[in-house]
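Here's a quick briefing to read alongside the model. Have the sequence and the 3D view open as you go.

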Amino acid sequence: MELKNARWLGYERKNGKKGIRNRVLVIYTVKCSEFVARQIVDRIAGADVELVGFDGCTDNQYAVNLLISLIRHPNVGAVLTVGLGCEYVQPERLARIAKEEGKEADWLFIQEEGGTRRSVEKGISSVRKMQEAIKSARRVEMGFSDLVIGAECGGSDYTSGLAGNVAVGRFYDFLFDWGGTAIFEEIVEAIGLENFLVSRGASEAARNEIQYTYRKALEYCKSVRQYSVSPGNFAGGLSTIEEKSMGAVIKSGSRPIEGVLKVAQTAKKPGLWLLDSTPDPYWMQFGITNPNDNEGLMDLISCGAHLVFLVTGRGNVVGSAVSPCIKITGNHQTYLHMEEDMDFDASSVLMGECSQEELALSLAALVKRTAEGTLTKSEALFHREFFIPYKYQEKQAAVIKSCRKTAQEE
Amino acid sequence: MFAFQIHTDDNVATALEPIKPGRVLIRGEKLKDEETAIEEIPAGHKISLSTIQPGDDIIKYGVVIGKATKVIQEGSWVHLHNIRSVYDERSSHLDTVTGVPKDTRYE
């Protein structure tokens, strides 16, 4: 069968979404309860049970939204929240949302249970019950049009912009044409490309959102005097921020951009979306835009990505909680040197062995196998990284209010 | 020796290995099969596919990635010493080989 019409079995969720995994999420709601939550996960040691959490005691709307988005994520079938008992973030409220989503859910306070051992025992028995219960989750057919995929790059070298990100971009064009949803991020790594990005907006509203988001990122870069380009990049052959930006943005492919998503916001319709992970202007400049690769992956997953691409030149080993991570490199040496961690070798296009289109189709075949249940390299090695920081963001993308334009229209 | 051209509109290609003066075969979305390098070019760096005048656009991915600051002869190494960013003024003042800043004092 042609790839575009491929079908496989997913997990049916109450909100109408379909998952490609059926995971149990154990969530700690403050650093003080992390150890107990981690013990529960480690002692069960199941590939389908994993840990996420927020370290802060004082709550943060951005972080709470992100936790809720993971609870609602279609790859998650059950949720256990573990709190200490006196923190701001409320484990019971989170468990209630999971129940409303038709998922198995439980919660506990360590102070009420009476310490480490009792809490760990209770958590383990709760997770075991939920593991049994979600075995009977309804399976349902799905295909590329049901998929949401996110992409980011890290540890780039010159092959990233020539092969790795190009493979993703060409695949994104296919995913778009097949009715799926593609998300790309790192607007701070698109500096110098305002006109190029804005002109790709699918509507007036989208062009406005993209322009606002771009200008916000530019202000952010100016204020921190950092353009996401480093001496190592220049030594490696990149000459300008525009060149580096284009090497990153090429992974968005060539289709129109539907609009801008904020962290923890899901796309209203399929197509290509830009994710804005930059903090919004706020009284204490809350947060750093992209502290590390796992934060970027978590942002994409919070927008509903069933699986995520991480494109690297120098190599990376990370995976992610909630959604499988496919690691792609355009550097053949890196692939050979770290084969146990790298999922996809995009270097064949540089060797002249295949076209960009053939490369993208072989990536599509890997996406299908992963969606069918085949573990990625990082999943098989039990990588389940996550990162949820304090940050401030408005709930929706803003647009530039232009008085002059209004005057012209009048 | 090989270089990779990413878009047919590009006036630069990326060296896939260290290049010495001489014949370079072009791969990718190319308009010609080869170029003659007139100087050494490190792997991952760019070679010009035509002669570029000061102020002209440097095109890669089919988009402008910078402007020439001097005449760039066909087959030359294209980098910080002969192009500049339209946005990030600081980058054309970095060391050409190492990329290390020269405007920060260590004292």
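This is a predicted model: local features need pLDDT of at least 70, side-chain atom pairs count only at pLDDT 80 or more; totals for chains, interfaces and linings use all residues.

Residues are numbered from 1 along each chain as its sequence is written, and chains are lettered from A and ligands numbered from 1 in the order in which they are written. Chain A splits into domain 1 (11–139) and domain 2 (143–380), with bounds that come from an automatic or database domain assignment.

**Domains of chain A**
- Taken over C-alpha atoms, the centres of domain 1 and domain 2 of chain A are 28 Å apart.
- Where they touch, domain 1 of chain A puts in 16 residues and domain 2 of chain A puts in 13; contact here means C-beta atoms, placed from the backbone, within 7 Å.
- On the domain 1 side, strand S4 (49–53) and H2 of chain A each supply at least two residues, and H2(A) gives the most, with five.
- That side of domain 1 of chain A is made up of eight nonpolar, four polar and four charged residues (Ala, Val, Leu, Ile, Met, Phe, Trp, Tyr, Cys and Pro count as nonpolar, Asp, Glu, Lys and Arg as charged, and the others, Gly among them, as polar).

**Sheets**
- Helices (H or I, at least four residues) and strands (E, at least two) are DSSP runs, numbered from the N terminus, and two strands pair if DSSP finds at least two bridges between them.
- Chain A has an open, parallel sheet of seven strands, ordered S10-S11-S9-S8-S12-S13-S14.
- Its edges are S10 (257–262) and S14 (344–345) of chain A, each pairing on one side only.
- Within that sheet, S8 (residues 148–153) and S12 (residues 307–312) of chain A run parallel over five bridges, and A:Cys153 sits opposite A:Val311 in S12(A).
- There's also an open antiparallel sheet of three strands in chain A, in the order S2-S1-S7.
- S2 (18–19) and S7 (139–143) of chain A each have a single partner strand, so one side of each has no neighbour in the sheet.
- S1 (residues 7–12) of chain A is joined to S7(A) by five bridges, with A:Tyr11 opposite A:Arg139 in S7(A).

**Helix H11 of chain A**
- 10 of the 10 residues of H11 (residues 293–302) of chain A are buried, so the helix is largely enclosed by the rest of the structure; buried means 20 or more other C-beta atoms within 10 Å of a residue's own, with C-beta atoms placed from the backbone.
- Those buried residues pack against H2 (61–71), S8, S9 (181–184), S11 (271–276), S12 and S13 (325–329) of chain A.
- After H11(A) comes A:Gly304, with a positive phi near 95 degrees.

**Nonpolar core**
- The largest nonpolar core has 143 residues, and among those touching the most other members are A:Ile183, A:Val308 and B:Ile47; such a core is a set of buried Ala, Val, Leu, Ile, Met, Phe, Trp, Tyr and Cys residues joined through C-beta atoms within 7 Å.
- Helix H6 (residues 158–177) of chain A supplies the largest share of this core, 10 residues.
- Leaving aside neighbours within four places in sequence, A:Ile183 contacts residues including A:Val148, A:Trp273 and A:Leu300.

**Chains A and B**
- The contact uses 24 residues of chain A and 30 of chain B.
- On the chain A side, H9(A) gives the most, with five residues.
- By class, that side of chain A has 13 nonpolar, eight polar and three charged residues.

Methods:
A residue is buried if 20 or more other C-beta atoms lie within 10 Å of its own, exposed if 12 or fewer, and partly exposed in between; C-beta atoms are placed from the backbone. Two residues are in contact if their C-beta atoms, placed from the backbone, lie within 7 Å.
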